Amino acid sequence: MTELYLQNTQTGEKTAFTPIDPAGKKVTMYVCGPTVYNYVHIGNARPVVVFDTLFRVLQSLYPDVVYARNLTDVDDKINAAAHANGESILSLTTRFADAFHEDMAQLNALTPTIEPRATETIAEMVELIDNLIQKGHAYVADGHVLFDVTSDPNYGELSSRKLEDMLAGARVEIADYKQNPADFVLWKPSKESEPSWPSPWGDGRPGWHLECTAMINKHLGDRIDIHGGGQDLIFPHHENERAQGQCAHGTNYVNIWLHNGYINIDGEKMSKSLGNFKLVRELLKNFHGEVLRFALLMAHYRSPLNWTEDLLTDAKKQLDGFYTALRKVQQVAAVPLNDVSQEPAYQALLDDLNTPLAISELHQLTRQLNKTEVESEQAILKGRLLACANLLGILQEPAETWFKQPSQEGGLSDANIDALIQARAEAKAAKDFSQADAIRDQLTKAGIALEDTANGTQWTRS
């Protein structure tokens with residue numbers, strides 16, 4: 001199989017991916033990024049890692065992949081956070097956008113082709129609203145512009161909801177200027193302390209759903225191949241996005257919608273209201289970013305993922321196994337794999353990003369690498385392992401560096417460890433085995449595991 005198969009949220013079916021581009025060379029993908037008002041949690045990181053992996057796979061198939069991941073930098077949460085901190089909105093959003101980039105780089109996420117910001121797309125938003133008004137899909141009321149959901153006969157198809165049921169059972173607060181309770185805001189007046197832009201309907205700011213549609217239209221066109229995001233965005237955000245895009249341009253807007261599943265924390269759905277979310281920045285204090293990335297890939301992207309300490313321990317253990325195999329052949333030059341298409345791990349990724357199966361295939365390669373002592377075979381297997389791992393964004397460190405990661409505060413430095421190992425070697429040479437054992441015990445208590453090999457003593461932080 002050399003075709004990529006993806007499960008479309010809208011149809012519920014897994015089908016072969018075919019680009020919109022008639023030449024079949026260009027692919028466009030848009031993924032909803034964070035609202036930059038705080039540090040991102042591990043739930044925010046899951047779509048970043050999932051769609052970064054898809055980006056890597058797409059690049060292996062097509063010569064021109066345009067991947068856009070936006071930053072929402074105008075939002076009620078941003079306004080509230082800036083006010084609470086006593087800082088400007090620009091200062092707040094810049095600070096947390098920088099923090100987001102730093103954290104995601106630690107997870108080996110590639111830089112998207114484009115990273116549009118909502119505040120840089122206001123003119124296109126105004127143009128899009130005007131288009132919708134002219135076509136009878138939006139109306140002006142009490143300083144607001146709203147989308148008329150009843151004007152879209154296909155409204156609800158993405159989330160498999162019937163409009164009549166939504167209207168009958170609407171739980172949203174019904175503003176008196178709305179024609180229907182499910183109508184959503186495209187433009188609204190700004191309060192005195194809030195950011196504001198001029199428009200034909202008065203000074204104000206855009207609605208959240210409008211922002212992504214306008215950014216897609218500006219940077220990727222009226223139609224795109226793939227739109228991704230978390231499962232929580234299917235309704236109302238992506239449903240409303242889809243309605244705007246299709247009603248404005250009369251096109252399919254998005255060919256394939258992809259959504260990753262939720263992350264649960266110790267068996268409970270992660271929720272800020274419960275206070276059980278885990279910030280990536282805090283997790284990185286105790287775990288290498290590659291461990292976090294690997295843990296996120298251990299379950300299929302559409303499945304829920306239970307985030308526990310055991311999951312992270314297992315992820316670290318599995319990565320240690322890969323790096324141990326690579327460490328043993330670190331003097332062997334890998335034979336570059338020019339054609340990854342026949343690799344079982346790659347085939348697994350082509351089947352709707354089956355990362356658990358791809359990981360199991362990496363273990364199979366590792367077992368083969370550990371068994372052979374023939375250098376030419378080691379070189380080939382090492383090249384295959386690294387090429388497949390790169391598609392998952394793992395095994396990006398030199399093996400020796402992986403096992404000598406920075407110590408936790410108060411731990412032994414690399415220099416301290418090397419000095420103790422040298423002292424142990426000297427004690428053994430002098431047949432002072434009690435001293436040698438004492439040094440080994442000291443290192444073990446400090447979390448340093450030793451392995452005596454033909455090439456000398458190697459050490460690993462546990």
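Lys and Arg count as positive and Asp and Glu as negative, with His and the chain ends not counted. The place of a charge is NZ of Lys, CZ of Arg, CG of Asp or CD of Glu. On this basis, the mean positions of the 42 positive and 62 negative charges of the protein lie 5 Å apart. The model is predicted: local features need pLDDT of at least 70, side-chain atom pairs count only at pLDDT 80 or more, and totals for chains, interfaces and linings use all residues. Residues are numbered from 1 along each chain as its sequence is written, and side-chain values use heavy atoms, without hydrogens and water.

The protein holds 16 helices and 15 strands. These are DSSP runs, numbered from the N terminus (helices H or I, at least four residues; strands E, at least two). Of the 462 residues, 52% are buried. Buried means under 20% relative accessible area and exposed over 50%, with partly exposed in between (1.4 Å probe, protein chains only).

Helix α15 covers residues 414-429. Its 16 residues should span 22 Å at 1.5 Å a residue, and its end C-alpha atoms are 23 Å apart, which agrees. The expected span is 1.5 Å times one less than the number of residues. Ile417, Leu420, Ile421, Arg424 and Ala427 of α15 are buried. Seen down the helix axis, the buried residues fall within an arc of 120 degrees, so they line one face of α15. The arc is that of the directions from the axis to the C-beta atoms. Ala415 and Ala429, on the other side of α15, are exposed. The buried residues of α15 pack against α16 (433-445), β14 (448-453) and β15 (456-461), where contact means heavy atoms within 4.5 Å.
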